[in-house]
Amino acid sequence: MKNKLVIFLVCAVALLALPLFVQQFGHGWVRIMATALLYVLLALGLNIIVGYAGLLDLGYVAFYAVGAYMYALLASPHLFETFPWIAQMFPNGLHTPIWLVVPLAAALAACAGILLGTPVLKLRGDYLAIVTLGFGEIIRVFMNNLEHPINITNGPRGLDRIDPMTMFGLSLGKPLVIGGFTIAPVTLYYWLFLALVVGSVVLCHRLELSRIGRAWMAIREDEIAAKAMGINTRNMKLLAFGMGATFGGVAGSMFAAFQTFVSPESFSLMESVMIVAMVVLGGMGHLPGVILGALLLAALPEVLRYVAGPLQHMTDGRLDASILRQLLIALAMIVIMLLRPRGLLPPPEHGKAAPTPSGAS
């Protein structure tokens, strides 16, 4: 017990101090780390739907978009310009604090998840994937066109001038000076995302060990058998969609505050595919594997920038660096899945009998 506690404390201190060391090489690396934590949050949410309940969701980015646009509308002057009566009610602006943003984003995304889950309760496999894919595209098209007749989302131009996240009177968009040492805003966001990820991991672990988690896994293995055992598969599926969507909504609100700009291009189909790939690549239903897959696929594109650039020069510019980078990512994913079909860190197999000793009768 003491050894586990010591290891936990060492890891916690290392994760907290890591951005302070990395920012010496440039804030861009800390931004990559913070973005990777956002993808971990998204992958943990999708793992509830895909890994625990076995429901293939290719439109998960829709919940990400819902949370991002909710925060953008509450923390930017766009609503004041579109609806002057709101400006009269809140002359000093909304400036929504974090303790209100997170529950709002979670609740709104959960409603969207239940809205998606209700009509697809009897679908599984490819059919479910097609429907969820359509839902994700519908949300993106809505965000892209919801500027007429009333300009709500500002269409393809997106929403800018978004306020940074505030917490206990501290604005995460401004540097924090402590004893002559300056902490960059991107480091503050990194710590916030790290706290959310740690809380999400604890919540997912407790869900996995609970009766709800066992019911989800029973549905994943055999829905008919789960129903015969008395599990309300309808409610459990809706709960999986709603619970998984909450993570996407919270991550979306953090993304809007972090970027201070959102547009429909940030929530394309490719984003959903990448999040699904993170869960599958790491190991569906296994928290360490999901975290590893998210960190790997989130950081790999940025690391490959330093490989694709020299390769472009070696070919005298005949190969574009961005296309070459996508090719390298795809090749890496193919190689990993060929070598590890069940993921980098697959869940342990349960229910198999122990091998019989060779000398036993």
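Helices and strands are named here as DSSP runs, helices having at least four residues and strands at least two, numbered from the N terminus. The structure shown is a predicted model.

**View 1. Arg161 in the loop between α7 and β1.** With helices and strands named in this way, Arg161 falls in the loop that lies between α7 and β1. Although Arg161 is not a glycine, its phi is positive, at about 55 degrees. Arg161 is partly exposed, because its relative accessible area is 47%, and the partly exposed class runs between the 20% limit for buried and the 50% limit for exposed residues. The loop between α7 (125-145) and β1 (166-167) also holds Pro149, and the peptide bond that leads from His148 into Pro149 is cis, with omega near 0 degrees.

**View 2. Thr260 in the loop between α11 and α12.** Thr260 is placed in the loop between α11 and α12 (269-282). Thr260 has a positive phi of about 55 degrees, although it is not a glycine. At 34% relative accessibility, Thr260 counts as partly exposed.

**View 3. The largest nonpolar core and Met165.** The largest nonpolar core has 98 residues, and among these Tyr71, Met165, Phe193 and Val262 touch the most other members. Helix α2 (residues 27-52) gives the most to this core, contributing 17 residues. In soluble globular proteins, nonpolar side chains tend to be buried together. Leaving out residues up to four places away in sequence, the contacts of Met165 include Tyr71, Ile98, Val101 and Leu170, and they also include Tyr189, Leu192, Met254 and Ala257.

**View 4. Ser171 in strand β2.** Ser171 lies in strand β2, which covers residues 170-171. Its relative accessibility is 15%, so Ser171 counts as buried, the limit for that class being under 20%. Once neighbours within four places in sequence are set aside, Ser171 is in contact with Pro164, Met165, Thr166 and Leu188.

**View 5. Helix α3 against helix α6.** Helix α3 (residues 61-74) has 14 residues and reaches 20 Å from its first C-alpha to its last, close to the 20 Å expected at 1.5 Å a residue. This helix is mostly covered, with 13 of its 14 residues buried. The axes of α3 and helix α6 (residues 98-117) come within 9 Å and cross at roughly 140 degrees, which means that α3 is oblique to α6. The crossing of α3 and α6 is right-handed. On the α3 side, the residues that meet α6 are Phe63, Val66, Met70, Tyr71 and Leu74, while their partners in α6 are Val101, Leu104, Ala105, Leu108, Ala109, Ala112, Gly113 and Leu116.

**View 6. Helix α2 against helix α13.** The axes of α2 and helix α13 (residues 287-303) come within 8 Å and cross at roughly 140 degrees, so α2 is oblique to α13. From α2 the contact draws on Ile32, Ala36, Tyr39, Val40, Ala43, Leu44, Asn47 and Tyr52, and from α13 it draws on Leu287, Val290, Ile291, Ala294, Leu295, Ala298 and Glu302. The passage of α2 across α13 is a right-handed crossing. Helix α13 has 17 residues and reaches 24 Å from its first C-alpha to its last, close to the 24 Å expected at 1.5 Å a residue. The buried residues of α13 are Leu287, Gly289, Val290, Gly293, Ala294, Leu297, Ala298, Leu300 and Pro301.

View 7. Glu223 lies in helix α10, which covers residues 223-228. Glu223 is buried, because its relative accessible area is 18% and the limit for a buried residue is under 20%. Not counting residues up to four places away in sequence, Glu223 touches Arg124, Ala218, Thr233 and Lys237. Gly230, by contrast, belongs to the loop between α10 and α11 (233-259), and at 61% relative accessibility Gly230 counts as exposed. Gly230 and Leu41 are 189 residues apart in sequence, and from C-alpha to C-alpha they are 32 Å apart in space.

Terms used
Residues are numbered from 1 along each chain as its sequence is written. This is a predicted model: local features need pLDDT of at least 70, side-chain atom pairs count only at pLDDT 80 or more; totals for chains, interfaces and linings use all residues. Side-chain values use heavy atoms; hydrogens and water are left out. A nonpolar core is a set of buried Ala, Val, Leu, Ile, Met, Phe, Trp, Tyr and Cys residues joined through side-chain atoms within 4.5 Å. Buried means under 20% relative accessible area, exposed over 50%, partly exposed in between (1.4 Å probe, protein chains only). Contact means heavy atoms within 4.5 Å. The expected span of a helix is 1.5 Å times one less than its number of residues. Axes are lines fitted to C-alpha atoms, for helices over the stretch in contact, and angles run from 0 to 180 degrees between N-to-C directions. Angles under 35 degrees count as roughly parallel, over 145 as roughly antiparallel, 65 to 115 as roughly perpendicular and the rest as oblique. A crossing is left-handed if the near helix is turned anticlockwise from the far one by less than a right angle, and right-handed if clockwise.
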